[in-house]
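Subject: Two-chain model, handover and notes

Hi,

Here is the model I promised to pass on. Could you load it first and keep it open while you read the rest?

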Amino acid sequence: MITDKDMQDLQKLARLKVSDEESHHLKDELNKIMAYFEQIKDLDTDGIEELARPIDSFNIFRADEQIITYSQEEALKIAVEAEDGFFKVPRTIDND
Amino acid sequence: MYETVIGLEVHLALSTNSKMFCSCPAESQKNEANTASCPVCLGLPGSLPTINEHAVEKGIMFSLALDCQVPKRTQFHRKHYYYPDQPKNYQISQYDHPVGEHGKLSLSNGRQIGITRCHLEEDAGRLVHPSYVDYSLVDVNRAGTALIEMVTEPEIESSDEAREFLRKIRAIAQALGISDANPEEGKMRADVNISLRKAGEELGTKVEIKNLNSFKSVQRSIEFEIKRQTRILEDGGKIRQDTMGWDDGGQKTYLMRTKEGEADYSYMPEPDLPPLIISQEQIKQIKAKTPELPDSKLARYLELKIKEQDAKQIAIDLHISKFFDEVSTSYSGNSQTIANWLTGDIAGYLNNNQLKIQETKLSPQNLRKLLELIDSKTISGKVAKDILEDVINGHDPAKLVEERALGQISDNSAIIAIAQKVIDDNPELVERVRANPKAINALLGLVMRESKGKANPELVRKTLQDILA
Ligand SMILES: [Zn+2]
């Protein structure tokens, strides 16, 4: 069961702020999802190999060659805010 | 007294053309911000990463050089964390099947340091923090470039061992050509885990010092932590499991964050990247391509009877050792002579001028010619040292000797004339030599001075003896 404390931890890890009402709603939804996993947990998986990918392929490489895709201007089109060619973000350190 | 227990994590930037999981240029840190990006390294929805073949090969080569076992199957994982330097909100790294495990590296004191693992991953972007504003700036040029991270067992016992370990890792990486491994350019970064314990007791609580970008700061931060932790323990205190930074200006560690509430990285297999199956054949091919390692060079130099101190100094530097090998193959004289010049006058010149040998115009051919000019007694060792700077600056020593008429005078009549003049001018000295033949060195010195150092000293001695006989 996901608790209110778990919801707080998740918000912290995901750097998301949600209202109490939203949190309540999300908690219910997550608990439903968790209930499905509880059912899966009951299955006997001894001796069955982990399957992380639906397609059974391996050793697909890319040659080590350069391609320039975005100019600075194109890259910064997705920026909420930009300055001097950089993405502008909330300050990540305390000191100057 | 306490024992020090140190483990190191070393990040090396792999020298590749493109990034780890996309084709953006890898070497763009010095370029203008955000000029090397694409949907993959910007983490745009729907984009798919692809694995850089070279990066994997370099990772395997490095792992093998550290005596690691390379698994049959390796795969990538997502390591989740939210920070603006990581546009995808996760870093693609390795978790359960890294590219190398259970390796080792020997130190010069004979101790072996276990290598826990080597894994491939991508680097983060660069954050800039302008002064007196409430925001930070992000440059994604470095985001997604290829790294190999190497983790040791907690088996390093002193700051000196840590420093030697890092020097060896750098030398190996450079010899293999997998990384420039240059801490000053951010191509090699180290984290230190350090704890103290009383002899025979269990491991103490460890403190992590993050993002050390020079060998000196690794050494100094370890020395500082030993003092800090000793003081706490002796006062009956407890060490907290903290993450520290190193303040180079103040020469002290500072608290970055406490481990409480440590992020849960929620590792999961990267569903967008297929696993890699590494065959014995592939390992054989990579081994065949692997350049000679510093330890093997050292053994070869000792075999050539080069003094250990010199051999070590040459073997650890990729460019000096290459230079030595090139001179050595074409020079018929004594190998120690080459070593003497490289570790003596040439090293002195490079050091005084803050240069590396590959940054000068000194060629192996010209050094060989210089040594041969001495061996054939065309010039004296002193003249050779006088013209060394010009030779380092690209001049052909044979031409210099000819242009400046620096060759030793081996012409008998010229030497006889000078010797006769010195004898005529110094009757008292001549008397002393007749009484004590050993005093001939005084006359010899005068002849050498008269010839401006160019006379062949052996010929001068013989000529003086003949005249006085
Ligand atoms: Zn990219």
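My notes follow, starting with conventions and then going from the chain contact to the helix pairs.

Keep in mind that this is a predicted model: local features need pLDDT of at least 70, side-chain atom pairs count only at pLDDT 80 or more, and totals for chains, interfaces and linings use all residues. Residues are numbered from 1 along each chain as its sequence is written, while chains are lettered from A and ligands numbered from 1 in the order in which they are written.

**Where the chains meet**

The contact draws 35 residues from chain A and 39 residues from chain B; two residues are in contact if their C-beta atoms, placed from the backbone, lie within 7 Å. On the chain A side, the elements giving two or more residues are strand 1 (61-62), helix 3 (72-75) and strand 3 (86-90). Helices (H or I, at least four residues) and strands (E, at least two) are DSSP runs, numbered from the N terminus. Strand 3 of chain A gives the most to this side, with 5 residues. By class, the side of chain A that touches chain B has 18 nonpolar, 8 polar and 9 charged residues. Here Ala, Val, Leu, Ile, Met, Phe, Trp, Tyr, Cys and Pro count as nonpolar, Asp, Glu, Lys and Arg as charged, and the others, Gly among them, as polar.

**Strands across the contact**

Which strands of the two chains form an open sheet of 4 strands? The order is 2(A)-3(A)-9(B)-8(B), and the pairing is antiparallel. Two strands pair if DSSP finds at least two bridges between them. Strand 2 (82-83) of chain A and strand 8 of chain B stand at the edges, each with a single partner strand, so one side of each has no neighbour in the sheet.

The link between the chains in this sheet is strand 3 of chain A with strand 9 (residues 135-139) of chain B, antiparallel over 4 bridges. V89(A) stands opposite S136(B) there, and P90(A) has Y135(B) as its bridge partner. Within chain B, 3 bridges join strand 8 (residues 126-128) to strand 9, again antiparallel, and V128(B) is partnered by L137(B). The hairpin of these two chain B strands has 6 residues between the strands, and in it Y132(B) takes a positive phi near 55°.

There is also a parallel pairing between the chains: strand 1 of chain A and strand 2 (residues 51-52) of chain B, over 2 bridges. In that pair F61(A) stands opposite I51(B).

**Inside chain B**

Chain B is divided into domain 1 (2-282), domain 2 (292-403) and domain 3 (412-468), with bounds that come from an automatic or database domain assignment. The centres of domain 1 and domain 3 of chain B, taken over C-alpha atoms, are 68 Å apart.

Chain B also has an open sheet of 3 strands in the order 5-4-15, with antiparallel pairing. Strand 5 (90-93) and strand 15 (268-269) of chain B are at the edges, each with a single partner strand, so one side of each is left without a neighbour in the sheet. Strand 4 (residues 77-80) and strand 15 of chain B pair over 2 bridges, with R78(B) partnered by M268(B).

**Helix pairs in chain B**

For these, axes are lines fitted to C-alpha atoms, for helices over the stretch in contact, and angles run from 0 to 180 degrees between N-to-C directions. Angles under 35 degrees count as roughly parallel, over 145 as roughly antiparallel, 65 to 115 as roughly perpendicular and the rest as oblique.

- Helix 1 (residues 53-65) and helix 2 (residues 159-176) of chain B pack at about 130°, with axes 11 Å apart, and are therefore oblique to each other. M61(B), F62(B) and A65(B) of helix 1 meet I172(B), A173(B) and L176(B) of helix 2; the contact has 6 nonpolar, no polar and no charged residues.
- Helix 6 (residues 308-315) and helix 8 (residues 335-352) of chain B have axes that come within 10 Å and cross at roughly 70°, which makes helix 6 of chain B roughly perpendicular to helix 8 of chain B. The contact is made by D310(B), Q313(B) and I314(B) of helix 6 and A339(B), L342(B) and T343(B) of helix 8.
- Helix 14 (residues 440-450) and helix 15 (residues 457-468) of chain B pack at about 125°, with axes 10 Å apart. This contact has 8 nonpolar, no polar and 1 charged residues.

Cheers
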